[in-house]
Amino acid sequence: MAQGRPHVAVNDRALDPIGANSALDPVGGSGAPDGATALPVPAASTDVVEAIVVPNTLWTPVDPADYGPGTTGLNAEIEHLREVEASGVMSRDDARWSGALEIIPTKADYVLDLIRANSLWPLLSGLACCAIEMMSTATSRNDIDRWGMFPFRASPRQADVLIVAGTLTTKMAEPLLRLWEEIPEPKWCVAMGDCTCSGGRFKRSYSTVQGIDRIMPVDVYVPGCPPRPEGLIYGMMKLQKLVVDRRGHWPERKIGPTVPAGL
Amino acid sequence: MTTDARTPNPHAALDDPSVLIEDVVRESIVEAVPIGRTERQAEFYTLRDGEMLLNMGPQHPSTHGVLRVVLKIDGERVVDIDPVIGYLHRGVEKLCENADYHQAICYTDPLEYVSSLFCEWAPVMAFEKLLDVEVPRRAEYIRVLSTELNRVASHALTMGWFALDLGGLTPVLYSFIERDEIMEMLTALTGQKLLFNYMRIGGVNGDLNHEFMSRLGDWMSRAARHIESNQGLLNENEILVRRARGLGILDPETALRMAVTGPNLRASGVPFDVRRAHPYSVFPELDFDIPTRQEGDCLARYLLRIDEIKQSLRIIDRCLHQLPDGPVMARLPRLVRPRPGRAFAAVEGPRGMYAAYVISDGTDQPFRMRIHDPSFVHLQLVGLMTPGNLVADTMAIMASLDPVMGGVDK
Amino acid sequence: MDRALRTRLERRFGERLTGPVRQRHDETEIRITAADVTEVVRSLHDEPELDFRLLADLCGVDTGDRMQVVYHLWSATTVDWLRVVADGLDRESPRVPSATFLWKGAEWMEREAYDMFGIVFEGNRDLRRIYMPDDYASFPLRKDFHLADDSSRSPGLGVRPMEETLAPADATPATLLRRSGAERA
Amino acid sequence: MSVVGASWQRMSLTGRILAIAVPILVAVAVLGLLGVVLAGPIVAAFLGDNVPLVRFAAAVGGILVLTIPTAFIVIYMELKVIARMNLRIGPDRVGPFGTAMSVVHGLKFVGKEDFTPTGVDVQVFTMAPVVVFLATVMTMVVIPFAPGLFGLDLNIGVLYLFAISGLTVVGLLMGGWASFNKYSLLGGLRAAAQMVSYEIPLTLSVVGVVLLAGTMSLNQIVLGQSGSFVDWYIWKQPLAFLIFFIAGTAEANRSPFDFSEADQEIVAGFATEYSGMRFGFFFFAEYVNVFVMSALIVTFFVGGWTAPIAWPWPVDLSAVDPLGLGVGLLLLIAIGPVVGTIVCAVPFWLASRFSTLQALVLGFVVFNVLAILAVMGWAFISFDWVVGLAWFFAKTYAFIFVFVWMRGSFPRVRIDQLMGLAWKWLLPAALLNIFVTASAVLILNR
């Protein structure tokens, strides 16, 4: 248990700022025709690369065979890349055109994300022990209000972040899912504590969910039993970075492979 | 508690001890209770004219943790209330039965997460009874010292939450300052924050260290003054006193019938404190008082905790003066196999009598381990006191009873 | 160990005790049958020379071949904890009279015992699941309810299922109704 | 596939919205320009015919624009002051000392998903925030900010004030009822009961002031208190001031009377189901309401924009007429800055730690600061609306600080205690105040 040493696991692919890797990886791993894999992605001219819509790489399995033909996700991405290449947009003039078309929207997204990242209102909901540390994070000693993550909203309709603090039991899983679905987009989820990351010391029990990522998407994991307030603050700052780096592209959220029966 | 004709009297079963058990059984059976619903459910979930069910929780600002409370309200007045718990049931007892005696201590830690040391102490005392272990006196003193510190932190949080549920923003942050300081010094002592896994069978994990002692001395020099000033914000506040006085009165007879212990019982005038009523550890050697109050309302329960904080500071002071030298751990094998038997041990936690009942079958794992938590018992009082009051009073009553859901749901 | 309490208990409940009064450390234990619970507990609570006013704990125990309900009581007349063990409950349909007529606070403890062991407390007016969801089928604290990776601790038995449905035929209030109806008929 | 199509596919949602919106806006602007060019004289003639209408429209527009920064300032005050009272630091990451935090909080609502839950009454649900916001904003029209600086000088200003501010409760009730949520319903009903109860002492407490001033126009009421601070009505009407302050706190839903959004009881009250910008309207309306209440207290009792003490040695700058210089003015404008910059740069240059260029830059900066200070001082002395505005905002924000202070200090009173206070204490006290004031006016004026 990482006591006192805030160590936060963040999905690196979510932090990929311009989506170049995530645009290439599935293509490379999916045995697509060489034309697609040979797609030039210049790192310098960011206008073109920013323009590529990055699909959700957080929750999409890497194997495109999971999807039938015509579904969204990786296949659509591959089709889109083929179209782009066929349409010859990548020749210089058209690239300039598209860049001119998209320079404003991209920057608008950037500004919006800066605003969102600096006003992340958590939902006032604690499950167990970690809730005490979460409250302590908001109090005088380590004041999370400095980053604009205060007040804790009582109603999910006005919250941005769901900090799941504490052991999640199978009886509580359904209400928690309802809370998560009541939060309007854009929304983020922070798993605080070992119990929410993996089940922690109650993993063996008959009534606990072994990690909340079995029932809902998670953006930032903050291990520790419980994590110190500094750890939670570090995780929230990671979340800020993640919010800014996504540049207005939020992943289509899919939950992990194993969903307990009855949920 | 009102005896309004429309509100079902919660005492119905306990008012008359002379009722024959057969009659109770027969009426509870023969009465046409719908299949799958108990008598109580059938009574609660049938709405009269003008009544409305209001569901609070499992996520609600005023239910500390994941308590779900179904209120049957008539306008702003609460007619009946049905607490639904179990949203934090982690199967601690089963896990303890599948772990050996040392690992079980770690499972009992997160039960009452604002006063973890008591959750460790009771099982450890039960194990020591099973093993006939003699605990070194220095270890006992260190246990008393650390647990009393934990009691102060817990009571500080309780008072802050009480003010928060009455709508005050600032006091809870002031009490968190004291609580954080105590948590830091206990972290220095135990090496783990909030869930200190400190008690061991036959002693404690480590001896007092320098950082703990320096932090403790620094804090003791100003603790009483700080807590006094923090309470000055509330105790002289007309709004809070007017709201809390005469609210949720609990008379001693009912309290004993409801198996209430701890501050909630002492606020009703019954001076029952396990530290004196059934002495354990070195409490017979320490001099302190058992504060009681006669009113039995929310204000009394709130003020009593301030008195207990003062007594705890006294105990800490006495411990620091009487602290003997010597080892802090008894000699024990790594893998303990007590001979078959049963042991019951109880400590006086911040919320009441916190007990553990262990059955050993001679193996290295407890055959049955039962944790008795006071919050679990006290939460029943909400259904007893709330009817007849307003919705806003529900929060005041719940906060004054101070349940911790981790302990309630185990 | 309070010898005086032992003599008092033997004198009072001599014929009801199913075993000798056991004493160890600061605990005194008497064993009775489920049928005697009501009278024994009431006299323990009412009679002045016993005067056990405070119910310290109420829990169920599954010994593997039978069920027990254990009451821990406190009294100012003795220095011991008194442990009353209602022994010999049938594992298939464990039934015991409720103590709520005396201690209203025992209601939730009995609900917990019902939830964890399936012990039916006759006279508890709110006997339903308290921890597990209402549609939960089995009773976790029974000895034949095994956690997932217990096989690692007992290799001989192999991997055992986690949640066997062990509900006795008449464990729920609904079945309780039908059964009593059949008895009356 | 065409270029536009490919680019369209690659745009994000915001990009597509902007790509659609920008051309439309350009077209609208061009059309509007054409309309002005073609139909300009007619419109001008029409506007010239009914000036009051124009003034009203202009005032409402100006007030609407003014409310947003006001709300931002009050929100920042609340964040920072309460943080300090909690021994916290408060926002300090966004902008200098976190000054941009409230703006960020407000702008965030624009980007949030704004959805309508199942089962709500869509029209009412949508209109409620608008009603609340407008009812709060329209009250600012009659508030005199400074001499000559007010939206309208209605001779029934007080009546207009309470009539419009009474509409707020309608909006809250709409929101609470339409949300299809029990918490919202309770919150709306609580707000209705509370506001209806407190409208009465609020209105009656002002009657004394109206009797003293002999008018219902807020402008005249302020003028009646001009002079020094001894002429303020708070001294002649202390009881009325107390009643108005308490009732105003309840009217603005502020702690300790913040029932309709009591977090610990009914989750977020009438706003429980609102998200996105709809909640943003409620959010702004709450804080604009605080501003309005403070402004009313200042206007009625603390002398509005009048200075507490008359300026002891009046300066008459009317003799100074820049235009009198004629060509010399041009010369002054041309040469003044250069000379001033050099003059200010000399000391830095003499202090040999600076190079000539650095000295000139510093001198330029210093000269600009001095010039701005001089112009501001000139305006402060010669234009009375500047000083009036300064005094008005100083007093108003002092009272806003008191509101925030109370929120940081007090627990919440119970609903029945609230009602008892309104009907058993404030109402009789207000009636007594009216009786005493009326008789005094009768006796003294005879």
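Hi everyone, let's start inside chain D, where Leu239(D), Ala240(D), Ile243(D), Ile246(D) and Ala247(D) of helix α11(D) meet Leu426(D), Ala429(D), Ala430(D) and Asn433(D) of helix α16(D). Contact here says that two C-beta atoms, placed from the backbone, lie within 7 Å. Helices (H or I, at least four residues) and strands (E, at least two) are DSSP runs, numbered from the N terminus.

A word on the source: this is a predicted model, where local features need pLDDT of at least 70 and side-chain atom pairs count only at pLDDT 80 or more, while totals for chains, interfaces and linings use all residues. Residues are numbered from 1 along each chain as its sequence is written, and chains are lettered from A and ligands numbered from 1 in the order in which they are written.

Back to our helices: what is the angle at which α11 (residues 238–251) and α16 (residues 415–445) of chain D pack? About 145°, with the axes 10 Å apart. Axes are lines fitted to C-alpha atoms, for helices over the stretch in contact, and angles run from 0 to 180 degrees between N-to-C directions.

Next, chain B has an open sheet of three strands, ordered β1-β2-β3 with antiparallel pairing. Strands pair if DSSP finds at least two bridges between them. Its edge strands, β1 (52–56) and β3 (77–84) of chain B, each pair on one side only. Between β1(B) and β2(B), residues 68–74, there are five bridges, and Met52(B) has Ile73(B) as its bridge partner in β2(B).

Finally, 46 residues of chain C are in contact with 47 of chain B. On chain C's side, the largest share, six residues, comes from β3(C).
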